[in-house]
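Reader: I have a new model open and would like to go through part of it. Can we start here?

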2 protein chains.
Amino acid sequence: LKAEILSIGTEILVGSILNTNSRFLSAKLAENAIDVYRHTSVGDNPERLKTAFKEALERADLVISSGGLGPTEDDVTVRALASFLGRKLVLHRPTYEAIAKKLKVRGRRMNRLITRQCFVPQGSRVLQNDRGTAPAILTRTGTQGQRKWILLLPGPPRELEPLFTQKALPLLLHCLKIKRQAFVIRSVRIAGLVEVEVAPKVKALLKMKPPLTVGIYAKPGEVELKIMSKASGKAGALRGAARLEALIRKKFGSAVYGVDGETLQSAVGKLLKKRGRTIAAAESCTGGRLSSLLTEVPGSSDYFLGGVIAYHNRVKRDLLSVRQDILEKRGAVSEETAKAMAKSVRVKFKADFGVAITGIAGPSGGTQRKPVGLVYTAVAGPKRTRVFHKIHFGARRDIQESAARNALNLLRLELLK
Amino acid sequence: LKAEILSIGTEILVGSILNTNSRFLSAKLAENAIDVYRHTSVGDNPERLKTAFKEALERADLVISSGGLGPTEDDVTVRALASFLGRKLVLHRPTYEAIAKKLKVRGRRMNRLITRQCFVPQGSRVLQNDRGTAPAILTRTGTQGQRKWILLLPGPPRELEPLFTQKALPLLLHCLKIKRQAFVIRSVRIAGLVEVEVAPKVKALLKMKPPLTVGIYAKPGEVELKIMSKASGKAGALRGAARLEALIRKKFGSAVYGVDGETLQSAVGKLLKKRGRTIAAAESCTGGRLSSLLTEVPGSSDYFLGGVIAYHNRVKRDLLSVRQDILEKRGAVSEETAKAMAKSVRVKFKADFGVAITGIAGPSGGTQRKPVGLVYTAVAGPKRTRVFHKIHFGARRDIQESAARNALNLLRLELLK
């Protein structure tokens, strides 16, 4: 089975956007042992698009396109395909109703432009898009002896990715009569260490060959070890992945904070829930980023009570009762201030734990003794208050982000004790 | 002049690496008014590569390839091209010497594999690669009436990017007798409207043809209109862009919040600075995201004093003095609570403006009357307090993000008054 991927959009050809869809789709197809022979990108031009469909279908059995399904006149993918196939465009009732319903909730009505998105080439199968309006469209062509399939997907990655993984791929595998190879990917997530500290410890694992491999990826504030395990059956693939996961956990201990979709904030949330504890945050240089990460987790209201963003020193004094003499003698960016903030927010919010962050996010405000990137983090609990400091690197936003994630990890390790 | 970009490498087709070269080259060519009509990616396979060169050269006057120039047997780009052109491969002495010299510095010697990288199709021009061993190769083909050019570049972006910008592009422009065209890209940013509300108003602009074009892009919480203006001189290109920008500003008035690198948070910051005003935030469902956006801006400490994340109702009552009877009768997600939060945070922080957000981020907690996504935003100023409500869509994080951005925009509009 030969597949090709066709990305549609003039913004790709002028270099305005990076084409991540081709890579995403290629990786997913590779996991299911479908070989991709070519990627093509063309603009939103009906004639060139028709030619691209024609050429791709001459070479391949499956063509997956992304983009050009939007509501405006620029978006010509469906029309170009229908015209190439010599098929009529027909209104797909369920799509029309699904979109109308979504709009109604927002107090908006169907209009002519959005109605365009409900037309599909006759005889297509249609998959609703939960993150947007344009549905995915699967159409068959070719001869009885040599079936060809065309799948049209919307362009925005946040719509395409779940739509493909959850709906289009299972349907495709069914239509193509492909047995899903059992394939387990497991990401083991490590916090508090950087890539060059992790890599030497897993040198042998990184050299393994399929069906069992391990990859290493540096992410903001963490390192991901990605296990890929293939087998003819699910149980075998799971066993392989579990064996490697155990090996990695043994090597890295509590630095492993979770696997797969776990995030530092959800790991912290689980610990707090399990122990029936609550938390409040006091943030200076991170300006709310720590609290915003904590509250991204559904159900965080069970343990996160709230926080104070004490950006101005007056706020540190008035709302968090940090003593004026500490602010003057030690400075707003100091161990003592961090400690006072954490203790105070804990008491003020009647929380079991208080976390505080104070530092210099830059670009200005650094000195020789207190450089840009220096951040103090304090965790105040029922028994004690601990303070940590670290120098973070990068631009202002990088420093804020990594300081917030570092605080989550320190809190996690404190909760583990 | 029509150009195409050909990316070579099996690792692209299996989704192991993201193809950033096509985007980089497209953007550079667009800046020089060279239109790119197609991107193609193929694997390291001599036959498919020959076909790809053949097809691209039938359509385009210039084909730029990246990848497949490495020293190993896998790397077949140069051979495939020579075979397609019917040219001999000849040893390029200066390349051999340059590579031998580089190796010597590292205490290594020339070997058979690396020597492969010194062979080029007869009659090519060769550009040395300062960051690696494989040189760039420029070859001419076609007829006297219709010259065609092929440029081969190494695959690794850190080699390709400087090699193209510093050496290959100037040579190309010289060979193609292209005067370096002036090119201005300007993004006009619109908040508070969605793509389908913006598009109908700029229908005529979206249909314009080069040298002056407008594209429309939906971004989280905003719509971007991208003007591309080409001319023989910088002044002309700037004039074209300015004319269109003025036209767009006239149509959308205060919905236009800025151009190019401006963000909603930086636009709000500029307004606050200009008017010498300060601000504090009270957030419930956004959990600190509004404050975190505001403090991403360098120098935000000039106007952002801080905030309270009043996640738990007790915090709304204790720290923000929201009356218990309002919380009980109207609910935490109500006009009255939003108003009380904004007024209170304004007073508590001694700020000129207070902004408050309260809503239901989901996934649970919604009711028929107050569905998931319902968010109240209040802006309290020296003269009055205004409340707005809106239903946001998507997953929890999408709702938090768009509610925070919507609050920034409401604050901006209030500051403009």
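Reader: What is the bridge partner of B:Gly215 in strand 11 of chain B?
Author: The partner is B:Lys226. This is a predicted model, where local features need pLDDT of at least 70, side-chain atom pairs count only at pLDDT 80 or more, and totals for chains, interfaces and linings use all residues; side-chain values use heavy atoms, without hydrogens and water. Residues are numbered from 1 along each chain as its sequence is written, with chains lettered from A and ligands numbered from 1 in the order in which they are written.

Reader: How many bridges link strand 10 and strand 11 of chain B?
Author: Eight, in the antiparallel sense. Strands are DSSP runs of E, at least two residues, numbered from the N terminus, and two of them pair if DSSP finds at least two bridges between them. The two strands form a hairpin with two residues between them, and B:Gly221 in the turn has a positive phi of about 75°.

Reader: And strand 9 of chain B, how many bridges to strand 11?
Author: Ten, also antiparallel. One of the pairs is B:Arg186 with B:Ile227.

Reader: Why is strand 11 of chain B largely enclosed?
Author: Ten of its ten residues, 222-231, are buried, so the rest of the structure largely encloses it. Buried means under 20% relative accessible area, exposed over 50%, partly exposed in between (1.4 Å probe, protein chains only). Both faces are covered, with B:Lys226 on one side and B:Ile227 on the other among the buried residues.

Reader: New topic. Which residues does B:Tyr37 touch?
Author: Leaving out residues up to four places away in sequence, B:Tyr37 touches A:Leu13, A:Ser41, A:Val42, A:Arg48, B:Lys2 and B:Ala3. Contact means heavy atoms within 4.5 Å. B:Tyr37 lies in strand 2 of chain B and counts as partly exposed at 22% relative accessibility.

Conventions
Helix = DSSP H or I, 4+ residues; strand = E, 2+ residues; numbered from the N terminus.
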